[in-house]
Structure formats: structure tokens, C-alpha cells
Amino acid sequence: MEKTLKADVVAAWLVLLILAMPTSIAAESGASVFHGNTTSKVFHRVGCRHYNCSKCTALFHTRQSALEAGYRPCKICKP
Ligand SMILES: [Zn+2]
């Protein structure tokens with residue numbers, strides 16, 4: 001009886017770990033990267049036609065960090 005109970009607790013923990021993991025990984029790697037145009041001080045998100053422009057060399061991992069760096073969101077891609 002006791003053995004079964006312990007195994008259940010371990011299994012429950014494993015399930016919790018497995019369930020918790022993809023979200024934390026997604027939060028890390030899924031964090032979008034924004035490109036900031038160092039000349040116009042406008043930042044773009046992935047998929048914008050200006051995202052890979054030659055002057056878009058500033059990298060931001062969050063929208064907030066781009067704003068704090070003095071960049072404004074692009075009016076086309078609206079990051
Ligand atoms: Zn844009």
C-alpha cells in the first residue's frame with residue numbers, strides 16, 4: 001500500500017514538472033525579439049517588412065526594453 005502511494009506521489013510530481021516545463025521554456029524561447037532601427041529609433045517585430053532592414057541592428061527581447069531604450073513602435077507592424 002505504502003509503496004503504491006509513494007509511486008503515485010512521484011508520478012504526480014513528474015506530471016507537474018512535465019506540465020510546468022513547456023510553459024517556462026515557451027516563455028523563454030518564445031520571447032519575441034524586436035529589431036530597432038538605430039537611425040529612426042523605431043522598433044519592429046518579426047514579420048515586419050522593415051524587420052531586417054540594414055539599420056535595424058538594435059535587438060530587444062521585450063517590447064518594454066525597446067521603449068525604455070527610447071524606441072517607438074512601428075506603425076506598420078505595431079509591436
Ligand atoms: Zn515594423
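Reader: Is Arg72 buried, partly exposed or exposed?

Author: This is a predicted model, and the reply rests on its coordinates. Arg72 lies in strand 4. Because Arg72 has 13 C-beta neighbours inside 10 Å, its class is partly exposed.

Reader: Which residues does Arg72 touch, not counting residues up to four places away in sequence?

Author: Arg72 and Lys41 are 31 residues apart along the chain, yet their C-alpha atoms are separated by 6.4 Å. Not counting residues up to four places away in sequence, the residues that Arg72 touches are Lys41 and Val42.

Reader: What is the phi of Lys41, and where does Lys41 lie?

Author: Most residues other than glycine have a negative phi. Lys41 is not a glycine, and its phi is positive, at about 60°. With 13 C-beta neighbours inside 10 Å, Lys41 counts as partly exposed. Its place is the loop between strand 1 (34-37) and strand 2 (42-44).

Reader: How many residues stand between the strands in the hairpin of strand 1 and strand 2?

Author: Strand 1 and strand 2 pair in the antiparallel sense, over three bridges. In this pairing, His35 has His44 of strand 2 as its bridge partner. The hairpin includes Lys41 with its positive phi near 60°, and the number of residues between the strands is four.

Reader: Where is Lys78 found, and what is its phi?

Author: Lys78 is found in the segment after strand 4 (72-73). Lys78 is exposed, because 9 other C-beta atoms lie within 10 Å. Although Lys78 is not a glycine, its phi is positive, at about 45°.

Reader: What is the pattern of helices and strands along the sequence?

Author: The protein chain has two helices and four strands. Read along the sequence, these follow the pattern α-β-β-β-α-β.

Reader: In what order do the four strands stand in the sheet, and which stand at the edges?

Author: The four strands form an open sheet with mixed pairing, in the order 3-1-2-4. Two strands have a single partner strand each, so one side of each is left without a neighbour in the sheet; these edge strands are strand 3 (58-60) and strand 4.

Reader: Which strand runs parallel to strand 2, and over how many bridges?

Author: In this pairing, Phe43 has Pro73 as its bridge partner in strand 4. The strand that runs parallel to strand 2 is strand 4, and the number of bridges joining them is two.

Reader: Which residue in strand 3 stands opposite His35?

Author: Strand 1 and strand 3 pair in the antiparallel sense over three bridges. The residue of strand 3 that stands opposite His35 is Leu59.

Reader: With which residues is Ala58 in contact, leaving aside its neighbours within four places in sequence?

Author: Ala58 lies in strand 3 and is partly exposed, with 16 other C-beta atoms within 10 Å. Ala58 and Asn37 are 21 residues apart in sequence, and their C-alpha atoms are 6.5 Å apart in space. Leaving aside its neighbours within four places in sequence, the contacts of Ala58 are His35, Gly36 and Thr38.

Reader: What distance separates the C-alpha atoms of Thr57 and Thr38?

Author: Thr57 is found in the loop between strand 2 and strand 3. With 11 C-beta neighbours inside 10 Å, Thr57 counts as exposed. Thr57 and Thr38 are 19 residues apart along the chain, and the separation of their C-alpha atoms is 6.7 Å.

Reader: Which residues make up the largest nonpolar core?

Author: Buried residues make up 16% of the 79 residues in the protein chain. Leaving aside its neighbours within four places in sequence, Phe43 is in contact with several residues, among them Phe34, Phe60, Ala66, Tyr71 and Cys74. The largest nonpolar core has seven residues: Phe34, Val42, Phe43, Phe60, Ala66, Tyr71 and Cys74.

Reader: Which element has the lowest mean pLDDT, and over which residues is the pLDDT below 50?

Author: The protein chain has a mean pLDDT of 83, and 77% of its residues reach 70 or more. Among its elements, strand 4 has the highest mean pLDDT (98), and helix 1 (residues 2-29) has the lowest (66). A stretch with pLDDT below 50 has zero contacts in the model beyond near neighbours in sequence, and this stretch is residues 23-29.

Conventions: Residues numbered from 1 in each chain as written. Predicted model: local features only at pLDDT ≥ 70, side-chain atom pairs only at ≥ 80, totals over all residues. Core = buried A, V, L, I, M, F, W, Y, C linked by C-beta atoms within 7 Å. Buried ≥ 20, exposed ≤ 12 C-beta atoms within 10 Å, placed from the backbone. Contact = placed C-beta atoms within 7 Å. pLDDT = per-residue confidence, 0-100. Pairing = 2+ DSSP bridges.
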